Amino acid sequence: MTTRAMATVLVFLLLVGSVPAVSRAQAPPPPGSAPAAAAGAEAIGATPPRLAYSQGPVSFWRPGATDWAPAQVNTPLVPGDELFTGHEGLLELQVGARAYVRAWGDTQLGLANQEPDFLQLKVTTGHASLDLRSVDPGRTVEVNTPHAAFAIETPGYYRVDVTPERTSFTTRRSGRAAMTPASGRPVAIASSEEVVVEGDPTPTVRSFAATELDLFDRWNYTRTDALLDSVSARYVPAQVYGADDLDHNGSWRSVPTYGSVWVPQGVPVGWAPYTTGRWVSDPIYGWTWVDTAPWGWAPYHYGRWVFVDGYWGWAPGPLVARPVYAPALVAFFGAPGVTVQVGTPFVSWVALSWGEPVVPWWGRPGFVGRPYWGGWGGPRVVNNVVVHNTTVVNVTNINVYRNTTVNNAVVAVQRDGFGRRSVQEARLEHVDIQKLRPMHGRLDVKPEPASFVASSGAAAARPPATTITQPVVATRPPVRGAREALPPALRDGPAGTEAPAKMPAAKIVPAPKAAQIAPVPARPQPGASDIERPRRPEPERLETSPRRQGGAAPAVPPRDENTRREGQAQRPEAPPAVRQEGTVRRDTPTATPGEGASRRETPPALRDGPVRPDPPTVRERGRGPERGGAPGGAPPAVSQPQPAPRQPQQQDPAQPGGRPLPGEPANRVFPGRSETGPGHQQAVPAVGHQATTPTPQRGALSRDQRDAAPSAPKKPEAPAPQRGARPQDDDDARKGPRR
């Protein structure tokens, strides 16, 4: 009996003693530590629109800056940012995996709001296009203009033209939209339709058939086709922007341990990642890296940098279903790692290597300062040791970063130079890597007005005051948290100065509901016009296509050593590279690690900028007389065209005696467009795989001037260049946008 009682007591004591152990095992990790798979839900996760391309005078402004500044490619946009293109300017935003927004000259384009299911843009003047090859289910893209708000939920091509008198919106490629004017009554816009909204405060809405593509439209079509035909898409997820830029500026290699690695071309000796650019204050992501290299988006916001056989390479890691954007992928260090005068504060950093976690300095309080591998599909490495996904990692124990052992890889600047000028100007020498101390959490560096823009100097173009103060129609108020969160000195500008942009409040109208646009949506009234769109020619039939005798397939041209591998079409060689800010071009390295394909050359159609010959020969969409007398760089005035003489009614040749068709023409086009006037002859260049992209022209004649001038003979169409042909001269090589 005594033995049984003692056994019972021992069992009870063992059970009681095991409870604290279980409790300790289930307790949450201490502050500063996180399981390798945790904290993902607390990340911001949204990918900001990327300024992917700019040409000519393009200016940028962000709340907090003292003035407009030159726009810098690779700048991530946040709500409140504004862009303006000068008369010869051109820009491109990437807003999705297969979605692009572009602006022509004299256009002000702003980002008003960005949410997971809602992107809100505004166009107060000028010409913009939305080439949306895909739209995520449930997502809406809204364009706010002074006369109406346009909601887009389906893929297609959309064109917006805004003048002080009217706004026109055109849909193509099966695109459909819903429009809500200032009066608040939504209407549906069908495919291949142009809607013109005029008047204020009670606008009139008219519907026309979409006009034929002009040069700006055709350039958009050609450029998007080329961007989507990217070899680098094999190695990076579709949601990662800038894959096409990797094709033209480096080579992919297959390297043991790291898999596919991209090696940049033309970097100088001693170059290291995160050295050719600057840090910019982002109201959402905090300090964000903006690189000046044209390819400097994907390698600085995704993946990791590795140093192999004397070369730097970007390793995206195994493909993941959902990549996660980061403002930069670096480790920051503090004192005492730099030999400068005593008491001088500084900030230093190094690119993260294969599998190393980023310690966020952005995001919510529970997310900041914890090791994070979001969007990384490869192994997870801490202090050069691979850890399991469930391992609890205390951030204070992370003190080894592999790239610190690479010569010139650690970058240091004085604290008063961080985020205020380029790293090349502010960089310090003599970093003692033995004394580097990692920094965890938010950076103790306060932004200055110069920290909100990615370039220095005066802007080459500024929007007119009437454009800045022009209110727009919207279904949601724009996000103003970015400006309101700033201190008064940054929000209102220095004492005695006026803020460069005071955005007026938008006129809020009800968003169109599904019940209002289906199943029988309201349609705008047809507009009056004496100009009818000509019939489209039938597509070429397969039976009429040229074939070799006997039905054999066309001969395949021979391939040489310069032809792209893996069955890629040969492209013309690029001209000698031009020295860019922060990058020194050199010849391709004779040897790179691993094996891979040669880089893809940039087609002249997408590399060279639009050329505006003198005298102009192309009429533009809605353009007025030549620019030149408006003070202050204002956009050219748009003259109101006079009604054209009534055209004879179209007859059907199939009917006996050529009887006129019943009724009136339905495919009328808007008479306010200069390219639709009588006597207009617009040359349509042939567009092939390497065809020189048509150039948007400036200074088109008004309709009155054109009617008074003698008509020029129609130019013959240029034959499509042969595959692999080289440019005939320098002029041919400058007829398309520059990459």
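**Thr257 and beyond: a walk through the fold**

Visitor: Where is the place of Thr257?

Guide: You're looking at a predicted model, where local features need pLDDT of at least 70 and side-chain atom pairs count only at pLDDT 80 or more, while totals for chains, interfaces and linings use all residues. Residues are numbered from 1 along each chain as its sequence is written, and side-chain values use heavy atoms, with hydrogens and water left out. Elements are DSSP runs numbered from the N terminus (helices are H or I, at least four residues; strands are E, at least two). On that basis, Thr257 belongs to the loop between β18 (250-255) and β19 (259-264).

Visitor: Is Thr257 buried or exposed?

Guide: Buried means under 20% relative accessible area, exposed over 50%, and partly exposed in between (1.4 Å probe, protein chains only). Thr257 has 65% relative accessibility, so the label is exposed.

Visitor: What is the phi of Thr257?

Guide: Most residues other than glycine have a negative phi. Thr257 isn't a glycine, yet its phi is positive, near 80°.

Visitor: Where is Asp309 found, the residue with a positive phi of about 55°?

Guide: Asp309 isn't a glycine either, despite that positive phi. With a relative accessible area of 64%, Asp309 counts as exposed. Look for Asp309 in the loop between β22 (304-308) and β23 (311-315).

Visitor: Which peptide bond is cis, with omega near 10°?

Guide: Most peptide bonds are trans. The cis bond, with omega near 10°, runs from Asp200 to Pro201.

Visitor: How many helices and strands does the protein chain have?

Guide: Across the chain's 739 residues, buried ones make up 50%. As for elements, the count is 11 helices and 33 strands.

Visitor: Why is strand β20 largely enclosed by the rest of the structure?

Guide: Strand β20 covers residues 277-282. It is largely enclosed because the buried residues in it number six of six.

Visitor: Which residue in β21 is the bridge partner of Ser281?

Guide: Two strands pair if DSSP finds at least two bridges between them. β20 and β21 (residues 286-291) run antiparallel and are joined by six bridges, and they form a hairpin with three residues between them. On the β21 side, Ser281 is partnered by Trp287.

Visitor: Are the rings of Phe150 and Phe169 stacked or tilted?

Guide: Rings of Phe, Tyr and Trp (its six-membered ring) pair if their centres lie within 6.5 Å; planes under 30 degrees apart count as stacked, over 60 as edge-to-face and the rest as tilted. The structure holds 40 such pairs. With centres 4.3 Å apart and planes at 5°, the Phe150–Phe169 pair is therefore stacked.

Visitor: How many residues apart are Trp279 and Phe332?

Guide: Their ring centres are 5.3 Å apart and the planes stand at 50°, so the pair is tilted. This pair links distant parts of the chain, with Trp279 in β20 and Phe332 in β24, and the separation is 53 residues.

Visitor: Which residues touch the most other members of the largest nonpolar core?

Guide: In soluble globular proteins, nonpolar side chains tend to be buried together. A nonpolar core here is a set of buried Ala, Val, Leu, Ile, Met, Phe, Trp, Tyr and Cys residues joined through side-chain atoms within 4.5 Å. The largest one has 71 residues, and those touching the most other members are Tyr274, Trp279, Trp349 and Phe418.

Visitor: What does Arg223 sit over with its charged end?

Guide: A charge sits over a ring if NZ of Lys or CZ of Arg is within 6 Å of the ring centre and within 35 degrees of the ring normal. Arg102 does this with Trp219, at 5.7 Å from the ring centre. For Arg223, 4.4 Å from the ring centre, what lies under the charge is the ring of Tyr53.
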